[in-house]
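I opened the notebook to look up a few places in this structure. The entries follow in the order in which I looked.

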Amino acid sequence: MDEAWLRQQIIDTALAMSGEGLSPGTSGNVSARWKEGMLITPTGMAYDDLIPEDIVFLEKNGEPLPGARKPSSEWRFHLSAYGARKDAGAVVHTHSRFATALACARKPIPAFHYMVAVAGGEDIPLADYATFGTRELADNVAATLKDRSACLMANHGQIACGATLEAALALAREVEALAAQYVAVCQLGEPHILDGEEMSRVLKRFESYGQRDGG
Ligand SMILES: [Zn+2]
């Protein structure tokens, strides 16, 4: 894989994320695993203005290269996500509307719909709150992503991992769709939650299909 190409892919993914309304303003950020570290969007720059050189490389200890731009203030939990998910090649973090609403109510997404299995388990869990940009938040996110590829983040938003940037963005999109559906169904009354036995069946089928589209 070519580094310049990957840098452009990160910009394209950030543009798609914000173009689709998945994260307001310059909130949200995108990264991809690169060498021992990662490439991540810089802080405080409009995605429209980004050129590949603006994307910041961080070593696995978070050290930037001399002369690089300042990385997103949220780089710590991107790095910890790669530590928790060896299968992750990319991470998309957004403040998408419904996922963020649930995260602020501190409600994880239970198995109200079988598609919650897209994140690899029987719910989409909620990482504990800590101040943005802190080591503590990075640890909370890593702990929650240990057995899921996406989670909500209390009073903050959501994070999704994928083998590729495309897959990470697709998962962030699905988490947002599920969050919107869950909010809607809660307005109708108490949702019916699928039990653990049924979700094990669903998860098994997801595995054997070898893809996330459960139909
Ligand atoms: Zn954020």
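**Terms and ground rules.** I call a residue buried under 20% relative accessible area, exposed over 50%, and partly exposed in between, using a 1.4 Å probe and protein chains only. The model is predicted, so I note that local features need pLDDT of at least 70, side-chain atom pairs count only at pLDDT 80 or more, and totals for chains, interfaces and linings use all residues. Residues are numbered from 1 along each chain as its sequence is written, and side-chain values use heavy atoms, with hydrogens and water left out.

**Entry: A163.** I began with A163. It is exposed, because its relative accessible area is 58%. I found A163 in the loop between β7 and α5. My helices (H or I, at least four residues) and strands (E, at least two) are DSSP runs, numbered from the N terminus. Next I looked up the contacts, meaning heavy atoms within 4.5 Å. Leaving aside neighbours within four places in sequence, A163 touches D87, G89 and A90. I also looked up A163 with R33: they are 130 residues apart along the chain, yet their C-alpha atoms are separated by 9.5 Å.

**Entry: the zinc ion.** Which protein atoms are the donors of the zinc ion? I list E74 (OE), E74 (OE), H93 (NE2), H95 (NE2) and H156 (NE2), lying 2.0 to 2.5 Å from the zinc. Donors here are N, O and S atoms within 2.8 Å of the metal (3.2 Å for Na, K and Ca); water is not among the atoms, so sites may look incomplete. E74 sits in the loop between β3 (56-58) and α2 (75-84), and H93 in strand β4 (residues 90-94), so the pair ties together parts 19 residues apart in sequence. Are E74 and H93 buried or exposed? E74 counts as buried at 7% relative accessibility. H93 is buried too, at 0%.

**Entry: helix α2.** I went on to α2. This helix is mostly covered, with seven of its 10 residues buried. Among the buried ones I noted W75, F77 and Y82.

**Entry: the sheet.** I traced seven strands in an open sheet, in the order β3-β2-β1-β4-β7-β6-β5, with mixed pairing. Two strands pair if DSSP finds at least two bridges between them. The edge strands are β3 and β5 (126-127), each pairing on one side only. Five of its six residues are buried, so β1 is largely enclosed by the rest of the structure. β1 pairs with β4 in the antiparallel sense over four bridges. There S31 stands opposite V91. β1 is also joined to strand β2 (residues 37-40) by four bridges, again antiparallel. On that side W34 stands opposite G37. The hairpin of β1 and β2 has two residues between the strands, and K35 takes a positive phi near 50°. Further along I checked β6 (residues 150-153) and β7 (residues 157-162), which run antiparallel and are joined by four bridges. L152 has Q158 in β7 as its bridge partner.

**Entry: helix α3.** Where does helix α3 (residues 97-104) lie? I see α3 across β5, β6 and β7, running at about 60° to β6. Axes are lines fitted to C-alpha atoms, for helices over the stretch in contact, and angles run from 0 to 180 degrees between N-to-C directions.

**Entry: two loop residues.** I placed T134 in the loop between β5 and α4 (135-145). T134 counts as partly exposed, at 26% relative accessibility. T134 and R76 are 58 residues apart in sequence and 7.0 Å apart in space, C-alpha to C-alpha. I placed R148 in the loop between α4 and β6. R148 is buried, with a relative accessible area of 12%. Not counting residues up to four places away in sequence, R148 touches R85, A119, G120, G121, E122, D123 and P125.
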